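Dear colleague,

I am handing over the structure below, and I would like you to look through it before you read my notes. The notes follow after it.

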Amino acid sequence: MKTINKIGILMMATAMLMVTSCSDFNDYNTVPTDISSSASQTLWENISQNSELSDFAALVKKVGFDDELQAAHYYTVWAPKNGTYDAASLMQQDNDVILKEFVKNHIADYNHQVSGTVDERIHTLNTKSYDFVGNGSYAFDDITLSQVNLPSVNGVMHIIDGMATFYPNIYEYLDKADGIDSLRNYFKKYELTTLDVSRSVVGPTVNGKQTYIDSVMVTKNQMTRTLYAFIDKEDSSYTMMMPTNEAWLSAYNRIKPYFRFINTTKAQDIKNATSATSAPEISVTLNAAYMTDSLTKRAIVNSLVFNNNSYYNSGLEEVNSQNMDTLMTTQGLKFANPVELLSRTKDKAKMSNGYARIIDSLAVRPWDAWASKQFLSAPTILGHYWTGTPVNRRLILNIAQKDTTISYLHVQPTSNYSKPQVDLVIPKVLSTSYNIYAVLVPPYDEVGTTITSLSEAKPNQLDFSLSYCNANGVLAIQKLNQKVENNPGAIDTVFVGQFTFPVCYQNIGNDNIVPNLKITTDFGVFNKVAMAKYTRDIRISGIILKPVELDQFEANK
């Protein structure tokens with residue numbers, strides 16, 4: 001047992017009587033002025049000698065916190081009275097659980113005595129927060145105080161008619177909830193416990209190494225930070241959907257095909273090509289099984305956490321959330337089916353920093369999360385362009401139409417006998433089926449053109465082909481739609497073709513390993529009929545990759 005200096009504590013208490021009492025969490029606090037016989041004893045002595053607090057005293061003693069309640073540190077204790085809670089059940093818990101979830105849940109730093117109107121938010125030693133309110137009669141966490149302001153030399157005590165409810169935060173609940181082992185194991189892989197040097201007590205140097213008399217260890221989880229989901233913080237408010245093991249496995253099997261990798265993936269090195277018809281090959285080698293597993297699991301957790309303070313999630317904490325039309329995750333994913341998502345909740349539990357929802361199915365639509373629709377700006381994804389002459393010219397212009405600014409790429413023939421070709425690289429595609437569209441732009445007033453009105457403009461007639469890596473790691477070419485024509489009088493989105501990519505290109509570590517979309521004019525420069533009818537200029541704003549399942553969903557709405 002820790003030896004204490006009662007004379008020192010009494011001197012501390014006497015000094016405190018000369019200071020005005022305050023209740024702010026960050027201010028130094030004083031003992032109450034209504035000194036009684038208990039005022040000459042420590043908190044522990046007053047607790048252990050009170051017959052109404054024998055259960056509380058036994059639990060404090062079991063976990064060794066009695067020493068701390070005799071030390072020269074000022075505390076406020078809200079002590080539950082015998083018979084108002086299940087002490088026997090608590091006594092069966094591990095000491096660490098009793099200390100954190102019960103003992104420290106009823107003790108706070110500094111002086112929190114009551115007088116007149118009280119309206120405080122108490123931060124207990126286990127970092128939880130509780131309302132302490134009243135005027136004449138008082139309550140702590142909605143539990144009535146039967147006795148108040150019992151002074152001790154190192155603090156003040158209130159006796160309460162019940163036990164304050166301990167709520168874990170969402171991260172702590174990952175350790176407690178039943179049937180979510182898959183989710184828990186995923187998060188725990190990213191947990192790291194380190195020494196907090198600034199809060200630890202330095203000891204002697206032994207064999208050239210610094211030791212610490214009192215080591216303060218801090219546990220952090222890198223995954224919560226990369227998700228922008230600080231579910232381990234008490235001053236936040238989140239909702240986390242926690243899939244059961246069965247729901248996790250079902251989601252994993254559903255998402256996994258989108259992330260099919262192969263050990264060696266090849267591509268045309270289009271940026272270093274020296275010919276419009278061929279390009280050197282480049283490749284990247286990776287651990288395909290690891291990549292598939294890693295990105296599949298990350299796709300699941302990206303869809304699970306919501307900040308309750310977000311505009312989109314303002315109704316998430318309500319019992320009935322039927323009026324919500326959108327939910328947004330901490331990753332910025334927007335789900336347009338919130339009622340369906342929340343309907344899969346088996347159990348909803350209140351946390352100290354929000355709510356946990358145990359779900360039996362992850363009802364996330366692929367296109368809202370891991371397999372989203374993409375618009376790829378042509379100027380950004382330009383791999384190469386060819387005109388058939390030594391002079392290559394490219395204009396990137398901004399045009400305004402209906403308050404929308406559109407950037408586009410303009411590749412011009414440099415002579416009457418040249419035919420432009422454009423190679424666009426397509427990054428971050430998944431191993432799934434896409435409908436591919438091209439957004440073509442009419443000849444707006446550009447420097448050097450002779451077009452005076454869009455009615456005089458000619459359409460394109462374009463061929464599209466795709467270079468990709470097949471499931472065997474071999475480069476292949478797939479022709480898509482040919483002789484595609486557009487409306488030259490408006491910005492026109494034309495269908496290029498449907499294609500299922502056999503391998504995934506996301507996060508493979510080399511931005512040059514990507515499929516390549518080649519765009520060429522269909523007719524030859526000596527075809528006078530076609531030359532009179534169509535333009536050889538290619539003006540393209542971008543490429544749209546739209547998952548086929550999204551097109552099908554929209555068609556059936």
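Which residues line the largest cavity? Please keep in mind as you look that this is a predicted model. The lining is made up of Val441, Pro442, Pro443, Lys458, Pro459, Asn460, Asn486, Pro488, Thr535 and Arg539, and these divide into five nonpolar, three polar and two charged residues. The space inside this cavity comes to about 40 Å³, and a search of the whole structure finds one cavity of 30 Å³ or more.

Next comes strand β12, which spans residues 238-243 and has six of its six residues buried. In a regular strand, the side chains alternate between the two faces of the sheet. In β12 both faces are covered, with Tyr238, Met240 and Met242 buried on one side and Thr239, Met241 and Pro243 buried on the other. This strand pairs with β15 (residues 305-307) in the antiparallel sense over three bridges, while six bridges join β12 to β19 (residues 354-359), with the two strands running parallel.

Finally, please look at helix α9 (residues 245-255), whose buried residues are Ala247, Trp248, Ala251, Tyr252 and Ile255. Seen down the axis of α9, these buried residues fall within an arc of 135°, and therefore they line one face of the helix. They pack against α7 (181-188), α10 (288-301) and the strands β12 and β19.

With best wishes

Definitions and conventions: Residues are numbered from 1 along each chain as its sequence is written. This is a predicted model: local features need pLDDT of at least 70, side-chain atom pairs count only at pLDDT 80 or more; totals for chains, interfaces and linings use all residues. Side-chain values use heavy atoms; hydrogens and water are left out. Buried means under 20% relative accessible area, exposed over 50%, partly exposed in between (1.4 Å probe, protein chains only). Helices (H or I, at least four residues) and strands (E, at least two) are DSSP runs, numbered from the N terminus. Two strands pair if DSSP finds at least two bridges between them. The arc is that of the directions from the helix axis to the C-beta atoms. Contact means heavy atoms within 4.5 Å. On a 1 Å grid over the protein atoms alone, a cavity is a set of points where a 1.4 Å probe fits but cannot get out, and a pocket is an open set with protein on both sides within 12 Å along at least five of seven lines; lining residues have an atom within 4 Å of a point. Grid points are joined across faces, edges and corners, and a volume is the space filled by probe spheres set on the points. Ala, Val, Leu, Ile, Met, Phe, Trp, Tyr, Cys and Pro count as nonpolar, Asp, Glu, Lys and Arg as charged, and the others, Gly among them, as polar.
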